[in-house]
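Reader: Please take a close look at one part of this model for me, the place where the two chains meet. I would like a connected account, with the details kept in order.

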Amino acid sequence: MSGELAIDVKGMTKQFDGVIAVNAIDLQLRRGEICGFLGPNGSGKTTFIRMLCGLLRPDGGSGSCLGFDVIRESEAIRKEVGYMTQRFSFYEDLTIAENLDFVARMFSLPGRKAAVAESLEQLGLAGRRNQLAGELSGGWKQRLALAACMLHRPQLLLLDEPTAGVDPKARRDFWDRIHELAGAGITVLVSTHYMDEARRCHNLAYLSYGNLLVHGTPDEIAGDATLEEVFIRLTEASTDNYQP
Amino acid sequence: MTPLPVFSPARLWAMVVKEFIQMRRDRLTFGMMIGIPLIQLMLFGFAINSDPKHLATAVLMADRTPHARTILQAIRTSGYFDFVREVQSEGEGGELLARGEIQFLVTVPSGFSRELLRGERPVLLLEADATDPAATGNAVASLKALLGSALQHELQGPFAHLATTAEPFELRIHPRYNPEGITQYNIVPGLMGVVLTMTMVMITGLAITRERERGTMENLLSMVPRPLEVLIGKIVPYILVGYVQVCLILLAARFVFNVPMVGSLVLLLAVVMVFIIANLAVGITFSTIARNQLQAVQMTFFFFLPSILLSGFMFPFRGMPRWAQYIGEVLPLTHFLRIIRGVLLKGNGLGEIWPQIWQIGLFVLVAVVIAVKRYRRTLD
Ligand SMILES: Nc1ncnc2c1ncn2[C@@H]1O[C@H](COP(=O)(O)OP(=O)(O)OP(=O)(O)O)[C@@H](O)[C@H]1O
Ligand SMILES: [Mg+2]
């Protein structure tokens with residue numbers, strides 16, 4: 001892979017029916033970096049992540065992701081990216097094991113059966129392998145989605161609110177695992193509304209109304225205040241700006 | 001970096017396996033697939049009649065005399081018969097009937113005039129393709145009424161006594177393929193096409209819209225499947241369902257309605273595949289166009305209505321106005337009806353039904369091209 005930057009994009013822009021959802025965002029992520037993606041509801045986090053992996057066509061912007069051009073080589077990017085969607089998007093009428101098996105087949109994973117078994121084991125889902133995904137509790141669905149998006153050993157994880165609805169113990173386990181992966185050189189862009197999780201990121205990017213307002217380490221951003229206070233202030237300020 | 005393959009059989013198989021499991025778990029849909037054919041069989045057990053005119057007729061003139069011409073003229077003025085061809089032999093005429101190009105063949109035997117004038121009551125032969133009794137019934141009835149008076153002007157003077165006799169010649173009617181004129185023979189095989197059209201289009205029509213509505217499309221797209229892998233993957237499992245329906249209806253046709261099966265069942269089962277695929281392809285094309293499942297269902301009905309009305313299932317094809325026939329020719333059901341009636345009732349072989357097969361094949365090709373073009377690889 002070329003360069004030290006896993007994500008290097010400039011001016012990423014997306015409009016929906018003339019309304020700007022993401023406004024000229026520049027973002028760089030080093031390899032092995034964990035970047036927290038923050039911002040109020042509707043600020044454009046999901047839209048930005050979708051553009052990164054080519055699921056939405058940007059209206060403007062350029063750059064590369066894992067060395068591939070974000071516009072022209074979006075399909076190559078998707079093969080190397082583990083994308084966990086905000087909304088549960090696995091098949092509710094398939095069992096946990098069948099869902100994982102489907103993903104493994106779609107990525108033509110060598111040693112498919114073993115990989116699926118290992119992933120079930122790792123996430124503590126082995127006992128529920130034959131349960132329909134639709135019958136799982138919210139938190140377990142999240143864990144399944146996470147296991148599935150990491151199955152093909154991607155270089156870059158794009159996680160859209162992966163811990164929403166997950167209990168504290170499981171969240172801590174999850175973040176331990178994220179750090180483990182980052183240590184192994186995997187880059188992680190993770191959106192969250194939890195400030196304790198934001199604290200555990202190397203860098204934070206704060207979005208509001210599609211604009212990237214702040215980008216830096218948690219300490220740089222918070223200073224003496226808490227992250228929570230800073231972001232509430234930022235949100236209020238930008239809301240005032242955008243009120244007609 | 002390994003280049004992305006254009007088409008991966010492994011990923012296609014992944015789609016097929018997934019769709020199979022989902023199909024198996026979806027009890028309601030599966031029940032519908034079996035229930036619809038049964039209900040339709042019950043409902044359409046009766047016939048729907050109408051009065052088509054201008055039916056394609058060929059004539060074999062072995063006796064070119066004024067009397068023969070007068071009779072043909074009288075037949076033409078009845079409005080039911082259009083003379084479209086003159087054939088030279090019995091064999092040639094029979095072939096046209098078998099291929100369904102003509103509805104009737106009128107034969108004026110040699111020596112017709114001579115025998116007529118001698119008062120020997122010669123035979124005028126009318127052979128009818130009676131697979132669809134509704135199409136031929138009125139035409140044949142009108143002919144019987146008309147012929148008694150056809151020669152009144154010709155038979156005058158010394159021959160006047162011939163005109164007053166009951167009938168100066170005998171009209172002999174040979175209904176071919178369905179001599180008793182039983183409408184179930186026509187309806188029940190046709191029903192197979194109707195059921196397949198309805199259920200197959202609907203089921204794949206929902207295929208992609210359902211993924212979009214449930215949000216699973218986002219995940220599926222992130223795994224970079226090629227359009228053809230998704231489209232074919234969603235078609236394959238339902239071919240099996242189509243065959244289950246076909247077998248159900250064939251069994252009912254044989255054992256409940258006693259429909260004769262003259263032709264090759266193996267040939268029929270092989271050709272049914274093309275028709276099933278055609279309908280699944282239409283559905284999947286709708287699925288790439290519709291924004292949600294409701295729209296997909298509406299489009300299914302939009303396709304189903306002309307199929308049932310203009311294919312020759314509901315009304316005899318030749319009785320329809322020209323423009324309706326043009327539309328009908330595009331629809332796979334029209335061609336399938338000709339195939340199944342041809343094979344089951346007339347004993348048609350591959351050679352005779354081939355024109356219908358390739359026309360359905362062409363339809364499939366167009367549908368798949370549209371589907372691939374319309375298939376969206378992003379969420380926009
Ligand atoms: N498909 C779409 N069509 C039209 N508008 C859209 C679409 N997707 C997103 N938007 C709009 O774009 C803006 C950004 O939405 P986005 O989902 O990216 O926000 P978000 O930061 O992920 O919010 P949340 O924290 O609630 O997940 C919103 O105003 C939303 O209404
Ligand atoms: Mg979001």
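Author: A salt bridge here is a side-chain nitrogen of Lys or Arg within 4 Å of a carboxyl oxygen of Asp or Glu. The model is predicted, and in it A:E75 forms such a bridge with B:R377, with the closest N and O atoms 3.4 Å apart. Across the interface of chain A and chain B, the rule finds six salt bridges.

The interface as a whole takes 29 residues from chain A and 30 residues from chain B. About 2900 Å² is buried between the two chains, and carbon and sulfur atoms give 58% of that area. On the chain A side, the residues that lose the most area to chain B are A:E75, A:Y91 and A:M106, which together account for 23% of what that side buries.

Helix α3 of chain A (residues 96-106) packs against helix α1 of chain B (residues 9-25) at an angle of about 160 degrees, and the axes are 8 Å apart. Angles over 145 degrees count as roughly antiparallel, so α3(A) and α1(B) are roughly antiparallel to each other. The crossing of α3(A) past α1(B) is left-handed. From α3(A), the contact is made by A:E98, A:F102, A:R105 and A:M106. Helix α1(B) contributes B:R11, B:W13, B:A14, B:M15, B:V17, B:K18, B:I21 and B:R25. Sorted by class, this helix contact has seven nonpolar and five charged residues, and no polar ones. A:M106 of α3(A) takes part in the helix contact and is also one of the residues of chain A that lose the most area to chain B.

Technical notes: Residues numbered from 1 in each chain as written. Chains lettered and ligands numbered in written order. Predicted model: local features only at pLDDT ≥ 70, side-chain atom pairs only at ≥ 80, totals over all residues. Heavy atoms only, no water. Axes fitted to C-alpha atoms, helices over the stretch in contact; angles between N-to-C directions. Helix = DSSP H or I, 4+ residues; strand = E, 2+ residues; numbered from the N terminus. Parallel < 35°, antiparallel > 145°, perpendicular 65-115°, else oblique. Left-handed = near helix turned anticlockwise from the far one by under 90°. Contact = heavy atoms within 4.5 Å. Nonpolar A, V, L, I, M, F, W, Y, C, P; charged D, E, K, R; others polar. Buried area = accessible area lost by both parts, 1.4 Å probe.
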